[in-house]
Amino acid sequence: MNDLIVKMTTKLVLPFIQLYGIYVIIHGHLSPGGAFPGGAIFATSIVLFTIVFGLRIGQKRLPHHVSSKLETSGIFVFIVFGLTGILMGYQFLTNQEAGFPMGEWGRVFSAGFIPIITFALGIKVMSAVVTLFHTMMEEE
Amino acid sequence: MINIHFPIFILTLLLAFATIIPLQKRPFDRRFQVIMMSVLVVSLVMAIGELIYVIDHGAYSYTFGSYERGIGIEFLVDEFSVLMTAVVIVIAFFILLYSIRDLEHEIDPSRIYSYYTLIFLLLFAMIGMIFTNDIFNMYVFVEILSITSVAIIAIKNKKDSLMASMKYLIMGTIGSITVLMGFALIYMVTGHLNMTLIAEEIVLVWEQYPLNILLAMGFILTGFGIKAAIFPLHNWLPDAHSSAPTPSSAFLSGLVVKAYVFAIAKMIYRVVGPDISTNIGLTDYILIFAVLSIIMGSVYALSQTDIKRRLAYSSVAQIGYIFLGLGLATDLGISAALFHVISHAFMKSALFLSAGSIIYLTGKRHVKDLSGIAYTMPVTMTVFCIGTLGMIGIPATSGFMSKWYLGLASLDAGQPELLIVILISSFLNALYYLPIVISAFLQEKPSRETIVVVSTQGTTVPRSMKISMALVGAGVIIIGLFPNIVMDIINMAVPTFIE
């Protein structure tokens, strides 16, 4: 797509979409939203970028090997935090009893490991959606 | 005390390995194969350790996050679910050992890593479904399982396998949505998602809402019935199982279908309870469809000429046996059904793996082309023969023992006419299985010279494929000769189904 207006608008809108995606992810444990909606919102920014600037430049922004590593690490963060509960003598995914700081109620840094897991899963969802989109574009 | 965490360790190990595989850069080599098999061995060791613990200490429930029941997701680790996990891992080990050489010529080499990712996710979802005690958690695992099982068919990328997987995807999605609808109706009546709490609640309220519970169970049985391929809902299965790569066929027919059957058993007996199920007429419906499945599956199988399609239709009939046991709603019926879950897993895997290696070596799928093939492929045809005899129910195979238990159960429940159904079905089984074996072993045809010449894969089946087939076949014989190994554990678990 070789339209100046579309390109400029995309460049303007892109940071705001990404910021909103990160906001939804980070406030996942406080407000409606969370890893899945937030990750999908963040991914739409990259999808939009790929649609406007073409697959080649889009893939340069988030190459396939990077997104697959992000996906794997998202799952791994979840597993590691889950197993910490067992390591501390409780059960899988134990949060407060396993010694994660609870923080102040209603703040972003609260609820133990839940913000961290939400963030990891948000990145995982983002890279999964982008990988799906890029793969579908490649096969066209 | 570390033993109580073993189900979690198995699940996280499988999940972690599934996510590591796509990062592999090296070609598919010996090192990766060894790591893959050792992951399965480690999980098998943990499953056996768990089995010993559960036999000693009894069933227990495991809540995630140390929350109380009803808030956190719960796993119910009982004797049968652990035994089933061990069987799943054992059969998965043999099938993957077989697949290492077989896959090369069935799917595109660049997709081999994706295939194993899918297989490990499939195992993860299956084991999760076996353990879970939470209906929404079960729905999540059902979705993972249906998507991965569609993908391991479509990965072959041939026209017929793509068509079959599309059909399976649509049917499977309808099934999942139907199941979710049923879960929603149950949640509406009881206000819980935890199976144990639902079971406590449903006893109190079922007289007020009998229609609602019947409707919910109707949705759930239809949804899982589509996925488990009970008779009128089976029509995706023959296409899917016959066009898939051989390891996928063995996985789907031997294991995946059983996970859904076990989910149905949980829903009928643990959630609703045998008394209420009988009272609202649920078990009668199950018996009708089970009998239809047993007869019609065999009748359809008779008319098939493709060897894998014949095996696939025979799966429909065998699933009917399991439902027959479940529909009887007695201790003996349930234990016979659960026994057949395990014995059929071994028999059908043996049959699909041996049929797959016939196709591997000769490329022939038509039943008439197989005469005299036992001269060139003795090991394969022996395993096929064992599987066949098991399906018919010849003594000393596990199929005989499951038919024996089913017969005893139907007599015990006062329904001797079901015994006649089992006998008729055995004759039908003999009718469509024995000609293959007889012509393979006893007829001689000039085609056996041409087999050797035509073959492009060398003149024999690779050793790893032979070993895995032979061990699955040995499993059929061992369970047939010593059924108590399995039956004792099942008898321990049955009281957790019927309180």
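Me: Which residues touch the most other members of the largest nonpolar core?
Reply: In this predicted model, the largest nonpolar core holds 200 residues. One of those with the most contacts to other members, B:Met267, touches B:Ile135, B:Phe183 and B:Phe224, among others, when residues up to four places away in sequence are not counted. The residues that touch the most other members are B:Tyr116, B:Phe120, B:Phe224 and B:Met267.

Me: Is B:Ile127 buried or exposed?
Reply: B:Ile127 is found in helix H4 of chain B, which covers residues 112-131, and its contacts include B:Ile10, B:Leu11, B:Leu14 and B:Val88. Because a residue counts as buried under 20% relative accessible area, and B:Ile127 has a relative accessible area of 0%, the word for B:Ile127 is buried.

Me: How many of the residues of H1(B) are buried?
Reply: Helix H1 of chain B runs over residues 6-20 and reaches 21 Å from its first C-alpha to its last, close to the 21 Å expected at 1.5 Å a residue. This helix H1(B) is mostly covered, and of its 15 residues the number buried is 13.

Me: Is H16(B) roughly parallel or roughly antiparallel to H17(B)?
Reply: Helix H16 (residues 398-412) and helix H17 (residues 417-442), both of chain B, pack with their axes 8 Å apart and at an angle of about 155 degrees. Since angles over 145 degrees count as roughly antiparallel, H16(B) is, relative to H17(B), roughly antiparallel.

Me: How many nonpolar residues has the contact of H16(B) with H17(B)?
Reply: In this contact, residues of H16(B) including B:Leu406 and B:Leu411 meet residues of H17(B) including B:Leu418 and B:Ile422. By class, the contact has one charged residue and four polar ones, while the number of nonpolar residues is five.

Notes
Residues numbered from 1 in each chain as written. Chains lettered and ligands numbered in written order. Predicted model: local features only at pLDDT ≥ 70, side-chain atom pairs only at ≥ 80, totals over all residues. Heavy atoms only, no water. Axes fitted to C-alpha atoms, helices over the stretch in contact; angles between N-to-C directions. Helix = DSSP H or I, 4+ residues; strand = E, 2+ residues; numbered from the N terminus. Parallel < 35°, antiparallel > 145°, perpendicular 65-115°, else oblique. Contact = heavy atoms within 4.5 Å. Nonpolar A, V, L, I, M, F, W, Y, C, P; charged D, E, K, R; others polar. Expected span 1.5 Å × (residues − 1). Buried < 20%, exposed > 50% of the residue type's maximum accessible area, 1.4 Å probe, protein only. Core = buried A, V, L, I, M, F, W, Y, C linked by side-chain atoms within 4.5 Å.
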